[in-house]
Amino acid sequence: MNRRVDEEQGSSISELLRVEDHVTAVAFSPDGVHVAATALSGQAVVLGGRRLRQDLPVHGLGALTLAWSPDGATVAIGGQDGLVRLWPVGETDGPPPLDVPGWATSMSWAPDGQLLAVAAGRSVLLVDRTGAVRRRFDGHPATVTSVTWTPGGKRLAAASYGGLWWYEPGEADVVKRFDWKGSVLAIAVAPTTKWVATGNQDASVHCWKLWTGEDLQMTGYPAKVEALAWDRTARFLAVGTLGEVNLWDFSGRGPQGTKPVTLGGHDRRVVAVGYQPGGSVLAAAGADGVLSLWHPTNRRRLLERIPIGEELSCLHWHPGGRRLVVGTAEGGVYLVKLGTA
Amino acid sequence: MADGRVPVTVLTGFLGSGKTTLLNHVLRAQHGRRIAVIENEFGEIGIDDALVIDAEEEIFEMNNGCICCTVRGDLIRILGNLMRRKDRFDHILVETTGLADPAPVAQTFFVDEEIRSQLRLDAIVTMVDAKHVIGHLDEVKPDGVENEAVEQVAFADRLVLNKCDLVDPRALEQVERRLRQINALAPIVRTEHARVDLSAVLDVGAFDLARALEMDPEFLVDTDHQHDQTVSSVGLEVPGVVDVDRVNDWLGWLLGTKGTDIFRMKGVLAVADDDRRYVFQGVHMLFDGQPDRPWRADEERTNRMVFIGRNLERDELRKRFVACLRS
């Protein structure tokens with residue numbers, strides 16, 4: 001399959017790239033010019049325009065995570081081999097890789113582009129653009145599974161077994177902790193910085209109010225929760241689970257005691273969810289090979305159901321909000337251009 | 001129906017018992033099978049074409065620390081990534097540290113949905129050093145601290161008695177008797193230099209309900225020790241058929257009050273008004289049971305089960321079970 005048009009819906013799908021194993025991450029650069037993808041084959045590839053294809057050095061046992069610098073000039077790649085590379089896009093050579101203490105599982109650039117947070121083993125590193133480690137935070141009881149900056153870049157959240165650890169670039173120690181007895185897998189900070197939500201190993205979602213720490217929990221999911229996303233107004237929290245997406249409404253008195261809106265239509269696990277930049281369309285990628293697009297403010301309105309044909313593993317929106325890139329468990333990377341619907 | 005899930009063998013045993021030697025032996029002796037090894041101790045695995053991944057033990061308690069929800073977080077991550085890879089493995093071996101409690105390792109395969117759907121726990125294999133094991137088993141621990149050697153023996157589906165060449169036959173008999181007292185279910189395989197037949201440790205199917213009850217009747221013979229603080233095996237055989245409601249109540253009682261103390265259990269029940277055997281097994285509070293093949297015409301309807309654990313009172317277990325019989 002190279003290019004096809006879904007006549008009913010008007011969206012087009014084209015294969016951008018094929019790698020040799022499960023795609024672990026895909027992302028457009030913030031300027032929308034490039035796409036990067038990482039895979040369990042260890043491959044890390046940058047694509048741009050019609051011509052550029054850059055194959056970065058292979059990470060043993062798999063490339064797990066990638067993060068674009070806000071200016072789109074550098075892509076950071078982390079692997080199971082305990083190496084992190086900061087690669088200047090378009091250059092034939094990059095600086096020597098950085099040795100980190102364990103698998104690099106998650107990375108996040110501060111919004112000002114000066115510091116890259118890296119979760120590696122039980123530590124969090126703050127790395128500058130030259131690849132020098134500026135700070136190292138140890139003391140997490142288990143592997144740090146996820147790191148993410150608050151939208152303003154003031155604080156960094158790190159998830160591990162036992163809750164969330166908050167750091168500030170200017171502070172040598174943890175500045176705040178949200179304790180919770182369980183293993184946290186994924187973090188989503190609301191764009192308004194009013195809430196932080198986590199997806200957890202014990203099949204729950206936990207939310208804390210920033211910064212009072214007042215919390216609430218949604219339990220009873222059929223499996224561990226790893227797919228979370230806030231819409232840009234932070235009214236809705238989307239949670240991907242088996243066969244469906246749950247939407248929790250944080251308006252008014254919040255979701256406490258309410259039932260979520262259910263967006264169904266998938267046969268298997270929803271592995272990734274993401275809101276359209278600048279819009280309100282929600283994209284959900286399913287292990288059933290379907291990408292579904294929803295208009296959640298318009299109660300459960302399914303916009304499109306786009307069959308990709310391969311088990312999906314990740315998704316990312318183009319900053320313009322009219323295109324998506326999805327990765328698959330079979331090594332496919334596809335560009336989806338939205339129709340006019 | 002064939003179970004397409006990839007089998008996982010958990011290898012436990014004290015430092016120096018010969019786990020790494022066994023791993024090397026298995027990797028060398030396997031023919032054409034792709035094996036991945038997850039090791040918690042830096043052993044000297046000397047095989048190039050096996051995938052070896054180092055792991056650091058991370059014990060996670062879920063759901064307010066209920067013992068059955070204690071799992072290994074590192075294994076969830078490593079196995080999850082392993083199963084996403086295209087090059088599938090025929091078998092996975094997990095080596096634990098000498099001091100590891102086997103329960104969280106075993107429970108990981110039942111509690112995490114993603115793991116459970118793709119992998120099946122094949123067996124817990126415990127390596128035992130014939131020369132030193134009695135000393136390890138006898139070691140007195142402070143109150144509230146488990147003797148890890150006892151736990152590892154108690155959890156085993158296979159006991160590999162290694163270094164038999166270093167011990168005289170009488171002492172070997174003594175060691176076996178002691179192991180039996182703790183774990184009456186696991187077959188004991190005697191070896192030297194960890195050279196075992198692969199079939200003794202791979203594809204054992206110990207958690208396969210259909211095969212779980214290939215119990216040797218001698219296991220049901222009572223052992224003579226009375227001191228019930230220690231870990232022991234209790235086997236029960238109760239002829240007759242049980243009432244399904246009463247046996248459900250009994251199970252509720254058993255898991256609710258004894259779940260922490262019972263490390264492993266396996267059994268086969270004769271349920272009234274059902275012509276099929278009901279087979280079950282459990283690890284702490286995690287219980288798995290289902291109807292099995294029909295009883296044969298010449299077979300006596302009887303209930304047989306073995307419990308391995310701590311503070312087990314045979315009389316209490318028997319009395320409560322007998323109350324489930326339909327007269």
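Start by selecting A:Thr193. This residue is partly exposed, with 15 other C-beta atoms within 10 Å. (Buried means 20 or more other C-beta atoms within 10 Å of a residue's own, exposed means 12 or fewer, and partly exposed lies in between; C-beta atoms are placed from the backbone.) Its phi is positive, about 55 degrees, although A:Thr193 is not a glycine. The residue sits in the loop between S17 and strand S18 (195–200) of chain A. Strands are DSSP runs of E, at least two residues long, numbered from the N terminus.

This is a predicted model: local features need pLDDT of at least 70, side-chain atom pairs count only at pLDDT 80 or more, and totals for chains, interfaces and linings use all residues. Residues are numbered from 1 along each chain as its sequence is written, while chains are lettered from A and ligands numbered from 1 in the order in which they are written.

Next, pick A:Ala234. Look in the loop between strand S21 (227–230) and strand S22 (236–241) of chain A. Phi of A:Ala234 is also positive, near 65 degrees. With 17 C-beta neighbours inside 10 Å, A:Ala234 counts as partly exposed.

Now go to the bond joining A:Leu210 and A:Trp211. This peptide bond is cis, with omega about 5 degrees. A:Trp211 lies in the loop between strand S19 (205–209) and strand S20 (215–218) of chain A. Most peptide bonds are trans, and most residues other than glycine have a negative phi.

Finish by showing both chains. The contact takes 15 residues from chain A and 16 residues from chain B. (Two residues are in contact if their C-beta atoms, placed from the backbone, lie within 7 Å.) On the side of chain A that touches chain B, strand S17 (residues 176–189) gives the most, with 3 residues.

Key:
Helix = DSSP H or I, 4+ residues; strand = E, 2+ residues; numbered from the N terminus.
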